[in-house]
Every structure is written in structure tokens, then in C-alpha cells.
Amino acid sequence: LEFRRVLFRSEIEAPAASLWQLTLDIERWPTLFPTVTSVSRVDAGPMRVGSSARIAQPGQPERIWTVTECTPPERFVWKTKGFGFSMTAVQAITAISPRRAANALTIEVEGPLSGLLVALVGGRIRSVLATENDGFRRAAEAMTNSAADLSQEAATGAPHASRSNRG
């Protein structure tokens, strides 16, 4: 069976827990990434092995993704199938320090058409992964900065300078 992998990794100034929270909040993804048009859960409850969601992305047919691994707060894996291939999306989160984490997004393509598919759209897949990683970065860093502002306000009783200057 033919197999191809596309990976994009970045380091983010936010705790691994913030990235994990964003990972599981899949209904929010269309607001984080221009690469995701819509997400609708097929089932209810927390994301776990066996959970599925219907995802629409620009220029692609809508696909149902099913979770095959969910290891908090480090690894989220789900899979979908197309004609002549299957795709597995892997998100691996590694804490570097209490306020910094690495986020690795990988698409693994397998099946008889995987070589052709990656040859044709591998660059586009890498670009999508970079865009999504940037969305995770912006949202996680905003969560971290907001929490820091609130902690400073609680400690001093005064609004943090970055919040008090907002109009």
C-alpha cells in the first residue's frame, strides 16, 4: 500500500492545554481557519475515539472525519476516505515549557492514488497545514494573553494597560 506524509510544525507561545482546548472545539474551527468552511458534528458529546464530524473545506468535497485516537493533551488523530485514498490528520502537541508548546500537524495519505494525490496537491496541503497552525497560534496566544490580563487585574485591582487603552 502506498503511503505519503505532509507535515507542518511550529512553536507557539501558549500552554499545551490551550492548544488542546482549541483542538477539541472543532465547531469553532471555521472562525480560526479560512481553510475550514463549516463543521457539523455527526454525534453528540465530547470528542473521543469514534466521534465524527462533517467538514467542508474550500475546493474540496465535504468529508466525514472520524476520530481514531484521542490522547489528551498530546495527540488527536482522525481519518476520512476518498476515491482511491484515505487521509489521516494527526495533531501532536508537545509542551516545551509551561507557556510554550510545539504543534505538529500532519496529513498522511495512503492508497493506490496517494502518490498522485500528493504529487498534485502536496504543496497545497502543506500550505493548508501552515494556515491552520497559524490559526491555532493566534487563538492560543490570545487565550494566554487574555488570561494574563485577567490575572494582573485581579492582583492589582486595575485594568491591564493593554485592556484599558482599548476604545
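The largest cavity in this predicted model has a volume of about 30 Å³. A cavity is a set of points, on a 1 Å grid over the protein atoms alone, where a 1.4 Å probe fits but cannot get out, and lining residues have an atom within 4 Å of a point. Grid points are joined across faces, edges and corners, and a volume is the space filled by probe spheres set on the points. Because this is a predicted model, local features need pLDDT of at least 70 and side-chain atom pairs count only at pLDDT 80 or more, while totals for chains, interfaces and linings use all residues. Residues are numbered from 1 along each chain as its sequence is written, and side-chain values use heavy atoms, with hydrogens and water left out.

**The cavity**
- The structure holds one cavity of 30 Å³ or more.
- Around the largest cavity you will find Ile55, Gln57, Gln60, Pro61, Arg63 and Trp65.
- This lining divides into three nonpolar, two polar and one charged residue.
- Here Ala, Val, Leu, Ile, Met, Phe, Trp, Tyr, Cys and Pro count as nonpolar, Asp, Glu, Lys and Arg as charged, and the others, Gly among them, as polar.

**The largest pocket**
- A pocket is an open set of grid points with protein on both sides within 12 Å along at least five of seven lines.
- The largest pocket has a volume of about 560 Å³.
- Its lining counts 29 residues, and Gln57, Gln60, Trp65, Ile107 and Val128 lie nearest the centre.
- By class, 21 of the lining residues are nonpolar, five are polar and three are charged.
- At least two lining residues come from each of β4 (63–71), β5 (75–82), β6 (85–97), β7 (100–110) and α3 (114–156).
- Helix α3 gives the most to this lining, with eight residues.

**The chain as a whole**
- Four helices and seven strands make up the secondary structure; helices (H or I, at least four residues) and strands (E, at least two) are DSSP runs, numbered from the N terminus.
- Along the sequence, the pattern reads β-α-α-β-β-β-β-β-β-α-α.
- Of the 167 residues in the chain, 41% are buried; buried means under 20% relative accessible area, exposed over 50%, and partly exposed in between (1.4 Å probe, protein chains only).

**A nonpolar surface patch**
- Phe83, Leu113, Leu116, Leu120 and Val121 make a nonpolar surface patch of about 540 Å².
- Patches are made of residues with over 30% relative accessible area and no salt bridge, with like charges joined within 9 Å and nonpolar side chains (Val, Leu, Ile, Met, Phe, Trp, Tyr) within 5 Å.
- Accessible areas come from the Shrake-Rupley method with a 1.4 Å probe, and for residues, only the protein chains shown count as cover.
- Leu113 sits in the loop between β7 and α3, and its relative accessibility of 34% makes Leu113 partly exposed.

**Salt bridges**
- The structure holds 11 salt bridges, each a side-chain nitrogen of Lys or Arg within 4 Å of a carboxyl oxygen of Asp or Glu.
- In helix α3, Arg137 forms a salt bridge with Asp134, with the closest N and O atoms 2.7 Å apart.
- Arg137 and Asp134 are three residues apart, so about one helical turn separates them.
- Arg137 also meets Glu141 in a salt bridge (3.1 Å, N to O), and these two lie four residues apart in α3.
- Glu141 counts as buried at 18% relative accessibility, whereas Arg137 is partly exposed at 27%.
- Elsewhere, a network of salt bridges links Arg9, Glu11, Glu13 and Arg100.
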